[in-house]
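Take a look at the structure first, and then we can go through them together.

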Amino acid sequence: MARAVTPRRKLINTGFAWAIGLLIFFPILWTILTSFKTEAQAIASPPIFLNFDWTLENYGVVMERSNYARFLWNSIIIAGGSTILGLIIAVPAAWSMAFVPSRRTKDILLWMLSTKMLPAVGVLYPIYLLFIQMGLLDSRAGLVIVMMLINLPIIIWMLYTYFREIPVEILEAARMDGATLREEVLYILTPMAIPGIASTMLLNFILAWNEAFWTLNLTAVDAAPLTAFIASYSSPEGLFFAKLSAASTMAIAPILILGWFSQKQLVRGLTFGAVK
């Protein structure tokens, strides 16, 4: 029998959770604050927290120097395209593993997950050469494929977990009523797993949006997303901390807003099936 949580224990847990949350959020807050400082104030020692002259000069310089809208559009296309393409492949794969498992299903799932442990730099050279031969270098189509492939194991694992929580009897009843495989997946399984599918989409979109290694190595100008936009403000010479912070803030703002408005759906999906 579970013990009741005392008010003191609840207060301690709440305080600990707030402390962890603030610790994680502080780098983002510091980046945002630095974006409103002058370059001299950005590197001041000791650091200046709030007592500084707020300025929008850095944002003006960034907007004049770079075509922010183009970088933003590339990020939306790459993250959104890889998410949709990944779901098209992952939903049938997860359905097969969840409802028509074989003796090797768990081995396949573990093998797919193990591919995430492979250092990306280990396969960069062959993929780079392949992209040159296929004409996909510095193209949004090429990045959509790469982002989909690197996140596909996570998508399949998440969907497999959600699908396993759906009673198989419901699908069997649909088959007895004459539902085809396509109708079973589209009209029975998918609506029941909407919370899980939505959270999977959000997580994959965020992962693709934040991916930097592949975008910096496989793009140059035409398909460069916001990660490349940030990297363009890093320099070993000169003072660019405030401008780099402004560029970083502009790059993370859309995904922060999306995460804020979809946090309930994300939490609901991540806990889907956890409580009966």
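Helix H4 gives the largest share of the lining of the largest cavity, three residues. This is a predicted model, in which local features need pLDDT of at least 70, side-chain atom pairs count only at pLDDT 80 or more, and totals for chains, interfaces and linings use all residues. Residues are numbered from 1 along each chain as its sequence is written, and side-chain values use heavy atoms, with hydrogens and water left out.

**Largest cavity**
- Its volume is about 40 Å³ (the space filled by probe spheres set on grid points joined across faces, edges and corners).
- Its lining consists of Ser75, Ile78, Ala79, Ala208, Trp209, Glu211, Thr215, Pro225 and Thr227.
- At least two lining residues come from each of helix H4 (68–99) and helix H10 (194–210) (helices are DSSP runs of H or I, at least four residues, numbered from the N terminus).
- By type, the lining has five nonpolar, three polar and one charged residue.

**Thr227, one of the lining residues**
- Thr227 sits in helix H12 (residues 226–231).
- Thr227 counts as buried because its relative accessibility is 13% (buried means under 20%, with a 1.4 Å probe and protein chains only).
- Leaving aside residues up to four places away in sequence, Thr227 touches Trp209, Asn210, Glu211, Ala212, Thr215 and Leu216 (heavy atoms within 4.5 Å).

**Second largest cavity**
- This cavity holds about 30 Å³ of space.
- Asn151, Ile154, Ile155, Met158, Thr200, Leu203, Asn204 and Leu207 line the second largest cavity (lining residues have an atom within 4 Å of a point on a 1 Å grid where a 1.4 Å probe fits but cannot get out).
- Helix H7 (140–164) and H10 each give two or more residues to that lining.

Conventions
Buried means under 20% relative accessible area, exposed over 50%, partly exposed in between (1.4 Å probe, protein chains only). On a 1 Å grid over the protein atoms alone, a cavity is a set of points where a 1.4 Å probe fits but cannot get out, and a pocket is an open set with protein on both sides within 12 Å along at least five of seven lines; lining residues have an atom within 4 Å of a point. Ala, Val, Leu, Ile, Met, Phe, Trp, Tyr, Cys and Pro count as nonpolar, Asp, Glu, Lys and Arg as charged, and the others, Gly among them, as polar.
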